[in-house]
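Visitor: I am new to this structure. Could you walk me through it?

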Amino acid sequence: MTIDSQIASLRARMEAARKGTPLATPSVTLLGASKAQPASLIEQAIAAGVTVFGENRVQEAADKWPDLRERHPGVKLHLIGPLQSNKAKSAVQLFDAIQTIDRTSIADALAEAMEQLGRKLDCYIQVNTGKEPQKAGVMPDEADALIEYCSKILPVVGLMCVPPADQPPAPHFALLHEMASRHGLKELSMGMSEDFEVAIRMGSTCVRLGRALFGERD
Ligand SMILES: *Cc1c(COP(=O)(O)O)cnc(C)c1O
């Protein structure tokens, strides 16, 4: 399948998942998770109407995106991989949103970089809903405190999670939804290639699609 027809079919599946589901939001953003994908494929996705992309690494974004952004000024770029404090300034220059804030030191570094550069990025707190030791994200029982801390110094718009690969995702999405409601946060970045329909039924506002959109990564 071409990227074009792939995207059309994904949008149809997204719309079908949304219909008739009480928790589903009126519009869900399709974010193209473009790590390890060449600029040529990203260009095809842009031509097919995708306007939001996510990269996992600051360095990869710095290599690929300045060119793409110049050619496509309307396209938005989110950081969806872990961030280190020493890359905060580059991240604020390169991205429009940071989805992976999971500790106060990163929040402090981002707040300082945004202040210095005069740029305000949408911020999401990443929650490790499965409490997996190897995974990024704040632990669920520390999330309330981090959300409150970050909301004082950053434009926090929502929450993000990556559920454990070996568990049904629905309870994780439900937990994220419940936390976001408690804090009055509107955006819920949840759902990937394997589980985006479940995520949409549970109130996702942004699904992050990699393989389902671009095909397998090298
Ligand atoms: C790679 C990645 C995705 C996309 O994963 P697919 O399973 O290829 O859709 C989404 N979110 C994050 C944080 C990722 O690292």
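Guide: Gladly. Keep in mind that this is a predicted model. Q99 belongs to strand β4, which covers residues 97–101.

Visitor: Is Q99 buried or exposed?

Guide: Buried means under 20% relative accessible area. Q99 has 0% relative accessibility, so Q99 counts as buried.

Visitor: Which residue's side chain makes a polar contact with the side chain of Q99?

Guide: Q99 touches several residues beyond four places away in sequence, including L31, Y124, M160 and H78. A side-chain polar contact of 3.0 Å links Q99 to one of them. That partner is H78.

Visitor: R208 is in contact with Q99 too. How far is an N or O atom in the side chain of R208 from a nitrogen atom of the ligand?

Guide: R208 is among the residues around the ligand. Others there include A33, K35, N56 and M192. Between the R208 side-chain N or O atom and the ligand nitrogen, the distance is 2.9 Å.

Visitor: Which residue has a side-chain N or O atom 2.5 Å from an oxygen atom of the ligand?

Guide: G210 and R211 are both listed around the ligand. G210 uses a backbone N or O atom, 2.8 Å from a ligand oxygen. The side-chain atom at 2.5 Å belongs to R211.

Visitor: What is the volume of the largest pocket?

Guide: Its lining has 27 residues, with K135, V162, P163, M192 and R208 nearest the centre. By class, 12 are nonpolar, eight polar and seven charged. The pocket's volume is about 590 Å³.

Visitor: What separation do the C-alpha atoms of A199 and A17 have?

Guide: A199 sits in helix α8, residues 196–201. Its relative accessibility is 0%, so A199 is buried. Among its contacts are F173 and M190. A17 is 182 residues away along the chain, yet the C-alpha separation is 9.0 Å.

Visitor: Now the loops. What is the phi of A36?

Guide: A36 is in the loop between β1 (29–33) and α2 (39–47). With 41% relative accessibility, A36 counts as partly exposed. A36 is not a glycine, yet its phi is positive, at about 65 degrees.

Visitor: And K131: is that residue buried or exposed?

Guide: K131 lies in the loop between β5 (122–126) and α6 (140–153). Its phi is also positive, near 50 degrees, in a residue other than glycine. The cut-off for exposed is over 50%. K131 has a relative accessible area of 53%, so K131 is exposed.

Methods. Residues numbered from 1 in each chain as written. Predicted model: local features only at pLDDT ≥ 70, side-chain atom pairs only at ≥ 80, totals over all residues. Heavy atoms only, no water. 1 Å grid on protein atoms, 1.4 Å probe; cavity = no way out; pocket = protein on both sides within 12 Å on 5 of 7 lines; lining within 4 Å. Points joined across faces, edges and corners; volume = space filled by probe spheres on them. Nonpolar A, V, L, I, M, F, W, Y, C, P; charged D, E, K, R; others polar. Helix = DSSP H or I, 4+ residues; strand = E, 2+ residues; numbered from the N terminus. Buried < 20%, exposed > 50% of the residue type's maximum accessible area, 1.4 Å probe, protein only. Polar contact = N/O pair within 3.5 Å; in protein donor to acceptor, adjacent residues only side chain to side chain. Contact = heavy atoms within 4.5 Å. Near = heavy atom within 4 Å.
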